[in-house]
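Here are my notes on the model you sent over.

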4 protein chains.
Amino acid sequence: MANSFGHLFRITTWGESHGGGVGVVVDGCPPRLALTEADIQPDLDRRRPGQSNIVSARKESDIVQILSGTFEKRTLGTPICLWVKNEDARPEAYTEMAAKFRPSHADYTYQAKYGIRNWQGGGRASARETIGRVAAGAIAKKILREQFGVEVMSYVKQVQRLAASVDPETVRTAEIEANAMRCPDPEMAARMIRLVEKIRRAGDSVGGIVEGVARGVPPGWGEPVFDKLEADLAKAMLSLPAAKGFDLGSGFAGVTLTGKQHNDVFRMQLGKVITVTNRSGGVQGGISNGATIYFRVAFKPVATIMIEQETVDVDGCNTTIKARGRHDPCVLPRAVPVVEAMTALVLVDHALRHRAQCGFGNFG
Amino acid sequence: MANSFGHLFRITTWGESHGGGVGVVVDGCPPRLALTEADIQPDLDRRRPGQSNIVSARKESDIVQILSGTFEKRTLGTPICLWVKNEDARPEAYTEMAAKFRPSHADYTYQAKYGIRNWQGGGRASARETIGRVAAGAIAKKILREQFGVEVMSYVKQVQRLAASVDPETVRTAEIEANAMRCPDPEMAARMIRLVEKIRRAGDSVGGIVEGVARGVPPGWGEPVFDKLEADLAKAMLSLPAAKGFDLGSGFAGVTLTGKQHNDVFRMQLGKVITVTNRSGGVQGGISNGATIYFRVAFKPVATIMIEQETVDVDGCNTTIKARGRHDPCVLPRAVPVVEAMTALVLVDHALRHRAQCGFGNFG
Amino acid sequence: MANSFGHLFRITTWGESHGGGVGVVVDGCPPRLALTEADIQPDLDRRRPGQSNIVSARKESDIVQILSGTFEKRTLGTPICLWVKNEDARPEAYTEMAAKFRPSHADYTYQAKYGIRNWQGGGRASARETIGRVAAGAIAKKILREQFGVEVMSYVKQVQRLAASVDPETVRTAEIEANAMRCPDPEMAARMIRLVEKIRRAGDSVGGIVEGVARGVPPGWGEPVFDKLEADLAKAMLSLPAAKGFDLGSGFAGVTLTGKQHNDVFRMQLGKVITVTNRSGGVQGGISNGATIYFRVAFKPVATIMIEQETVDVDGCNTTIKARGRHDPCVLPRAVPVVEAMTALVLVDHALRHRAQCGFGNFG
Amino acid sequence: MANSFGHLFRITTWGESHGGGVGVVVDGCPPRLALTEADIQPDLDRRRPGQSNIVSARKESDIVQILSGTFEKRTLGTPICLWVKNEDARPEAYTEMAAKFRPSHADYTYQAKYGIRNWQGGGRASARETIGRVAAGAIAKKILREQFGVEVMSYVKQVQRLAASVDPETVRTAEIEANAMRCPDPEMAARMIRLVEKIRRAGDSVGGIVEGVARGVPPGWGEPVFDKLEADLAKAMLSLPAAKGFDLGSGFAGVTLTGKQHNDVFRMQLGKVITVTNRSGGVQGGISNGATIYFRVAFKPVATIMIEQETVDVDGCNTTIKARGRHDPCVLPRAVPVVEAMTALVLVDHALRHRAQCGFGNFG
């Protein structure tokens with residue numbers, strides 16, 4: 001069950017970086033939704049390597065095929081299996097990895113857990129696994145947009161110490177997609193790009209922060225106690241490769257405020273209850289309050305670097321390793337569509353759950 | 001299902017702050033574990049109000065009763081139902097809450113979701129709900145300790161801007177419990193206490209950071225992809241009342257490092273694979289690597305303050321509200337046992353899951 | 001998780017026959033449903049022993065208490081914990097059971113599985129566990145009736161070789177409750193009662209068949225493939241103590257027909273699609289078709305008999321055992337409300353699931 | 001979630017009879033199990049049409065491909081995606097089905113539920129869906145055999161009124177596979193085959209009973225209350241296309257016995273607790289007792305017949321329909337490997353669950 005996410009809109013991803021491919025089964029999609037590969041491919045194109053010179057130059061076209069669940073270009077309500085074949089496999093590039101554990105990768109822990117691992121390119125721990133998430137997320141985003149008027153987006157907020165200035169209430173997708181960094185603050189984006197190019201030349205890598213946003217979520221989504229909206233978002237984000245932190249609304253910075261400074265007071269506006277400020281990040285007690293949901297995800301610097309490092313081999317001897325080949329010096333621009341996908345998956349699942357329990361008419 | 005957590009060691013909490021009580025059903029506990037109320041009560045005593053003058057003065061003795069699942073002081077392998085009666089109910093203290101939504105509480109979102117709410121003291125959104133978690137967590141901690149030699153603890157790391165200096169590798173429970181703040185840095189604890197007393201006199205509140213630690217976790221716990229150890233910890237922590245953020249290992253601070261600075265290189269030590277540093281926080285690719293697991297949880301300042309604030313009432317009119325009664329100016333000391341409980345629940349569940357899939361002998 | 005049933009309307013039962021009591025947590029109940037103990041107690045009264053001289057004479061009043069989940073006599077949408085205290089405990093009546101395994105009971109298998117068991121009266125394997133199911137089922141029946149116009153009932157169809165003649169389309173509750181056997185064929189009921197009285201005098205026991213019926217289920221409930229309506233009903237029924245078989249519609253008898261004889265042809269009637277016959281039992285491909293759902297559950301003769309039998313003791317020696325005390329010579333009349341409860345739990349869960357996935361408006 | 005089965009050894013099937021293919025994702029398989037397509041294909045060959053002249057003559061080679069989850073011919077512990085391409089699609093053979101609902105098929109209920117259906121050959125409701133189950137079941141059977149010494153098999157017990165005489169304790173696979181009917185009573189098998197040939201010539205169909213057996217299951221598998229072994233088997237079997245009933249051990253026939261006649265008394269044999277008889281069917285209180293598990297599944301006559309029948313069309317008009325093409329006059333021989341697969345899936349899941357909770361060493 002470790003490879004499934006969601007309850008009513010439930011995805012199960014499968015596949016390793018090398019082998020027959022990667023994919024996802026989406027169970028619980030509403031019927032009669034118009035859906036073809038063309039709804040999914042654009043998000044995969046935003047995720048794939050080779051888009052710009054600040055991400056990996058690997059050539060993966062990542063073409064999605066719908067294997068089941070649609071008929072005459074509409075969903076059937078049955079499981080949708082999406083498949084992206086692996087290509088560009090060069091297992092010989094990985095032979096060193098058969099014998100050595102790459103620092104801060106999952107090589108050692110997979111070996112310790114399973115007593116076996118696919119050492120070709122990361123196997124199941126490869127970021128290629130996120131293809132299935134992005135593909136499923138494209139469907140989730142379409143449902144949110146068409147059925148609920150909910151808009152989900154994300155962007156690069158910070159690279160190392162370079163922090164952009166972005167307003168979650170007004171940022172638009174076109175601004176995000178306007179540069180290779182996917183940072184809607186153009187000046188800072190240019191600086192970030194220069195930083196990444198410099199880091200890449202040094203064979204090193206950098207991390208940063210992606211901010212996620214959902215606008216138009218109605219009050220009432222999210223479940224009390226364990227399945228709070230922020231709890232499911234936190235899990236979704238920390239399940240991403242290289243993610244090390246999550247905070248929502250005021251987040252970690254909010255701990256320096258007092259209650260008086262932090263509270264979001266309510267006020268009536270055009271007949272609706274609104275909050276004057278939004279330090280809550282659109283969620284109170286685990287349930288959406290109608291304000292914009294916004295949160296941040298911290299990504300560590302990419303573990304693969306072109307610099308020699310100490311490590312150990314599978315026989316328990318100290319040795320060194322130095323990556324070769326084509327790697328991302330900064331994962332953030334490609335993480336943006338993945339954060340969006342996970343956000344959409346969490347929200348659609350909660351939309352369905354909310355309807356199931358609370359969609360009843362009056363009980364008199 | 002929103003009120004359940006865990007897969008194989010699965011808890012379901014129930015109860016509101018006012019009514020018949022609060023409790024938990026623990027399903028999946030191994031049989032033959034010695035267990036009486038005396039194993040559980042001490043953690044509830046650490047959680048309850050009235051322990052010191054920096055937390056709420058409410059008098060709740062919070063006595064736990066085991067209603068099922070044990071026989072002759074041992075667990076049966078059947079569901080363990082734990083119950084704590086509510087007492088000290090003064091519903092008249094809450095009449096104002098019937099008509100008004102408290103800012104940054106869950107009053108409004110519960111009303112929006114369900115069309116009904118128990119306005120007496122927070123109902124299901126009350127921190128009393130965590131009693132069930134702490135009670136179940138006490139059982140989880142016992143299993144971890146007795147069966148796996150795993151030690152789980154947590155402490156106050158920061159209150160507003162006052163940050164303690166604590167080493168997760170060596171901190172001991174006695175140091176944590178040595179002061180009312182549950183901060184094992186005695187000098188900083190004293191300053192924190194003075195700050196909270198000052199804030200309380202102002203009728204205001206403060207937030208801060210709790211750090212959680214698990215030592216002795218063997219390599220191999222945690223599942224790849226969605227049920228990564230850090231993902232389940234993140235969900236567990238963000239499901240706590242007032243939690244706004246979670247990070248693990250280097251966390252948010254790690255984004256300022258380069259890959260070379262951040263990577264934890266491997267080295268052999270006494271025949272075992274260890275990492276020279278531990279920026280990964282004991283988890284790589286979602287799976288424990290044998291190093292100490294440590295993480296932080298950000299708690300916002302308590303929403304209930306003794307200061308008049310704007311709000312709206314249930315009829316949609318602007319109004320004001322001012323809390324009366326006995327509230328926590330700082331939730332952190334009482335959050336410590338709750339963070340511990342959730343940590344233990346996540347770990348026991350993963351210990352059982354790991355054994356289920358990977359406990360097989362050789363396949364030849 | 002073994003003690004939970006259902007996905008969206010999810011119950012978790014707890015408790016042993018001896019100890020603090022038995023109960024259930026209902027998670028996912030829609031909010032604002034009028035609910036007090038008076039909605040639940042009548043079904044518990046139908047289940048409890050001591051109702052007539054063909055069931056056990058034990059005195060258990062089985063008074064239900066709502067511990068959580070309601071406020072001002074309405075459901076909150078939060079978990080509803082229901083509790084029935086144990087009483088009339090005479091553990092000394094069970095001392096022989098501490099040392100010996102009762103034939104065709106669960107004593108031996110619990111011991112083999114857990115290495116421990118509550119030998120007082122069956123512990124978790126006691127039919128007292130069904131109290132939680134009946135209590136939760138009463139809520140489910142109320143939702144089905146008030147929100148969907150669905151009527152759930154069941155009755156004794158056969159005792160040993162005595163089979164009643166009942167029409168599932170027209171049978172009424174009053175006819176079922178008109179006699180101690182809960183068999184709506186009064187003549188056969190009288191013969192069944194005489195049979196049970198005779199069997200009781202012989203210290204022996206008998207089994208039989210309960211038929212379950214749901215009328216008014218709209219087309220569309222039930223999920224394809226694994227969670228077919230009949231699959232979930234089968235699981236629900238086979239999870240009952242003493243149940244050995246389940247069939248739906250034509251069931252086992254249908255295997256003697258040819259396809260031509262068995263098929264339910266469609267016809268239009270008053271603008272609706274109906275089937276001329278109903279050998280399908282109201283379900284096709286796992287999904288309700290609007291016709292009456294009806295099925296049968298086989299219950300073996302009660303294992304506890306007042307006749308000496310061979311057995312073994314916990315030390316692995318051959319010995320004999322003979323039950324004393326007050327036991328049911330025929331479990332069927334008391335099984336009737338339990339079958340109803342499980343039917344209602346399955347249906348409400350599927351009603352919510354159907355709405356969640358298929359309750360969307362048009363996708364244009 | 002409707003398309004998933006199992007908790008720890010969890011399968012998710014996907015695919016329609018027409019479209020990209022059918023398949024399954026297996027999540028939770030233990031690592032390091034030797035596994036190639038050659039372990040799976042033989043069971044698919046037993047399930048596919050065209051094996052003999054008593055089943056459908058359709059030509060489907062049903063070649064399985066492993067898309068993920070193995071490396072160097074061993075399982076990785078990651079999800080195993082298995083895929084069988086669809087072929088021999090002749091959608092024109094199905095145009096009549098686009099407009100009319102076939103009696104006793106799922107056409108109408110899918111349309112009622114989803115407002116859309118793949119009318120080509122049954123879509124998701126086609127028996128082709130069971131390909132995924134059989135493929136996953138082959139892995140489950142291998143684990144049971146290699147790790148636990150458990151043997152799972154099934155055979156045709158009855159066709160219409162022709163009932164075979166078979167001893168579940170001693171029947172061998174070679175005897176089952178010795179004839180096209182998969183009935184290990186050779187004389188009765190010959191009569192069954194003649195009956196089916198006659199029925200086929202009449203354009204009609206017949207049903208019957210498959211008996212399932214598991215030998216070597218140790219005491220202790222199965223969970224009390226809802227996830228009883230027989231409850232999960234019942235759900236598994238009633239989830240099969242055309243299944244109408246399930247009973248275990250004495251089953252429906254057992255209701256005619258008294259408790260004295262029915263009880264399985266215990267006796268010591270070679271130092272082990274055994275039951276002298278096995279009317280319990282190897283399960284007591286939901287938990288295996290070490291005796292052979294055996295049960296029956298009733299399959300209705302195939303709904304597709306070559307005889308004109310009344311029905312209605314999608315516009316709500318009365319009409320008639322008559323099947324053409326190649327269909328099974330009797331589904332039973334092909335149901336045998338499917339029953340085996342589901343049995344194995346239930347057992348492996350419970351084996352893992354038992355180990356997870358009860359695999360602990362002593363608690364002192």
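**Notes on the predicted model**

1. Let me start with strand β16(D). D:I293, D:F295, D:V297 and D:F299 point one way from the strand, while D:Y294, D:R296 and D:A298 point the other way, and all of them are buried. Keep in mind that this is a predicted model. With 7 of the 7 residues of β16(D), residues 293-299, buried, the strand is largely enclosed by the rest of the structure.

2. Which strands pair with β16(D)? One is β10 of chain D (residues 208-215), antiparallel over 7 bridges. In that pairing D:I209 has D:A298 as its bridge partner. Another is β11(D), also antiparallel, over 5 bridges. Here D:G245 stands opposite D:A298.

3. Now follow β11(D) across the chain boundary. Strand β11 of chain C (residues 243-248) pairs with β11 of chain D (residues 243-248) in the antiparallel sense, over 3 bridges. C:D247 stands opposite D:G245 there.

4. While you're between C and D, have a look at C:S205. This serine is found in the loop between α6 (186-201) and β10 (208-215) of chain C. Is C:S205 buried or exposed? It is buried, because 30 other C-beta atoms lie within 10 Å, against a cut-off of 20 or more. C:S205 touches residues of its own chain, including C:I199, C:P301, C:V302 and C:C330, and from the other chain D:T258 and D:G259. The C-alpha atoms of C:S205 and C:S104 are separated by 13 Å, though the two sit 101 residues apart along the chain.

5. Chain D also meets chain A, with 38 residues of chain D in contact with 38 residues of chain A. The elements of chain D that give two or more residues to this side are β2 (10-15), β3 (22-27) and β4 (64-66). The largest share, 4 residues, comes from β2(D). By class, the chain D side has 13 nonpolar, 18 polar and 7 charged residues.

6. Those strands belong to a sheet you can trace. In chain D, an open sheet of 5 strands runs in the order β1-β2-β3-β7-β4, with antiparallel pairing. Its edge strands are β1 (4-5) and β4, each pairing on one side only. β4(D) pairs with β7 (residues 80-84) of chain D over 3 bridges, in the antiparallel sense, and D:Q65 has D:W83 in β7(D) as its bridge partner. Helix α4 of chain D (residues 130-148) packs on the sheet, touching β2, β3, β4 and β7, and its direction makes about 35 degrees with that of β3(D).

7. Over to chain B. Helix α3 (residues 107-114) is mostly covered, with 7 of its 8 residues buried. Among the buried ones are B:D107, B:K113 and the tyrosines B:Y108, B:Y110 and B:Y114. What covers the buried residues of α3(B)? The cover includes β12 (266-269), β13 (272-275), β14 (283-284), β15 (287-288) and α9 (332-358) of chain A, together with α2 (95-99) of chain B. Just after the helix, B:G115 takes a positive phi of about 70 degrees.

8. Finally, the overall picture. Chain A has 9 helices and 18 strands, and 66% of its 364 residues count as buried. Its radius of gyration is 21 Å, which agrees with the value near 21 Å for a compact globule of 364 residues. Of the chain A contacts with a separation of 6 or more, 70% are between residues 24 or more positions apart. The largest nonpolar core has 440 residues, and those with the most contacts inside it are A:L345, B:L345, C:L345 and D:L345. A:L345 touches A:F5, A:F9, A:I11 and A:A136, among others.

Notes. Residues numbered from 1 in each chain as written. Chains lettered and ligands numbered in written order. Predicted model: local features only at pLDDT ≥ 70, side-chain atom pairs only at ≥ 80, totals over all residues. Core = buried A, V, L, I, M, F, W, Y, C linked by C-beta atoms within 7 Å. Buried ≥ 20, exposed ≤ 12 C-beta atoms within 10 Å, placed from the backbone. Contact = placed C-beta atoms within 7 Å. Rg over C-alpha atoms; globule rule 2.2 N^0.38 Å. Nonpolar A, V, L, I, M, F, W, Y, C, P; charged D, E, K, R; others polar. Pairing = 2+ DSSP bridges. Axes fitted to C-alpha atoms, helices over the stretch in contact; angles between N-to-C directions. Lists of a residue's contacts leave out its neighbours within four places in sequence.
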